[in-house]
Amino acid sequence: MDNMTKEKGHLFLHICCGPCAAYPLQFLKEQPDIQSVTGYYFNPNIHPYKEFVRRRDALQVLAKQQSLPLQINNSYPLEEFLLAALTAPDGRCQYCYEARFRETAQQAKRQGFDCFSTTLLVSPYQQHELIKETAERIAAEEEIPFYYHDFRPGWAEGVRISKELDLYRQPYCGCIISEKERYYKAARG
């Protein structure tokens, strides 16, 4: 296990949504160096609010089915997120990863977890190297290890699991800008 300091670790897992959590949870439960996994839903990037709720609720279904301890941060700082994302010098995705991983790392450390990770590492649509670099930097700054694993080979398995459980599968990354990119492009033909 990369960056783990204890033989058996308690991992705090940032979860963006139920479908993206399906495979990583399966994988992590099979790892001998992971003693427990607790999920953390913190996603101020998801817009509109109805979408935020749909994703949260789908994750709760998965958590119940998987007996996953789950913490939910229901804060919804829409205006703060949009202002920061639209003016971020390194781009909105960098800011989005930074905000979510920083909060996750701080919560993990505060609650005594051994490390943190994110289900964003499963998506072939995310900026994988940027996720890894951002999380590793935050881990060093917050002094809590980041558990890195490339979950992308399990993407299809996660899709299968989420369909089998009839979980809501979202059609865009999360922020209103990604929603525009998904649908506006299609509308223009």
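Okay, let's start with a contact: Pro19, Cys20, Ala22, Tyr23 and Gln26 in H1 meet Trp155, Glu157, Gly158, Ile161 and Ser162 in H6. By class, that contact has six nonpolar, three polar and one charged residues. Here Ala, Val, Leu, Ile, Met, Phe, Trp, Tyr, Cys and Pro count as nonpolar, Asp, Glu, Lys and Arg as charged, and the others, Gly among them, as polar. Contact just means heavy atoms within 4.5 Å.

Before I go on, this is a predicted model: local features need pLDDT of at least 70, side-chain atom pairs count only at pLDDT 80 or more, and totals for chains, interfaces and linings use all residues. Residues are numbered from 1 along each chain as its sequence is written, and side-chain values use heavy atoms, with hydrogens and water left out.

Back to our two helices. H1 covers residues 18-29 and H6 covers residues 155-164, and they pack at an angle of about 115 degrees with their axes 8 Å apart. That makes H1 roughly perpendicular to H6. The cut-offs: under 35 degrees is roughly parallel, over 145 roughly antiparallel, 65 to 115 roughly perpendicular, and the rest oblique. Axes are lines fitted to C-alpha atoms, for helices over the stretch in contact, and angles run from 0 to 180 degrees between N-to-C directions. The helix and strand names come from DSSP runs numbered from the N terminus (H or I, at least four residues, for helices; E, at least two, for strands).

Most residues other than glycine have a negative phi, and most peptide bonds are trans. So where is the cis peptide bond? It joins histidine 47 and proline 48, with omega about -5 degrees. Proline 48 sits in the loop between strand S2 (34-41) and H2.

Then there's serine 67, not a glycine, with a positive phi near 55 degrees. You'll find serine 67 in the loop between H2 and strand S3 (70-72). Is serine 67 buried or exposed? It's exposed, with a relative accessible area of 66%. Buried means under 20% relative accessible area, exposed over 50%, and partly exposed in between (1.4 Å probe, protein chains only). Aspartate 166 also isn't a glycine, and its phi is positive at about 55 degrees. Aspartate 166 is in the loop between H6 and helix H7 (176-188), and it is exposed at 67%.

Last topic: salt bridges. Side chains of opposite charge can pair when their charged atoms come close. We count a side-chain nitrogen of Lys or Arg within 4 Å of a carboxyl oxygen of Asp or Glu. How many are there in the whole structure? A search finds 11 salt bridges.

Glutamate 51 is buried at 7%, and arginine 55 is buried at 2%.

Over in helix H4 (residues 92-110), arginine 102 and glutamate 98 are likewise four residues apart, about one helical turn. The closest N and O atoms of that salt bridge are 2.6 Å apart. Glutamate 98 also meets arginine 137 in a salt bridge, at 2.4 Å, N to O. Glutamate 98 is in H4 and arginine 137 is in helix H5 (residues 128-142), so this pair ties together parts 39 residues apart in sequence. And through shared partners, salt bridges join Glu98, Arg102, Arg137, Glu141 and Glu142 into one network.
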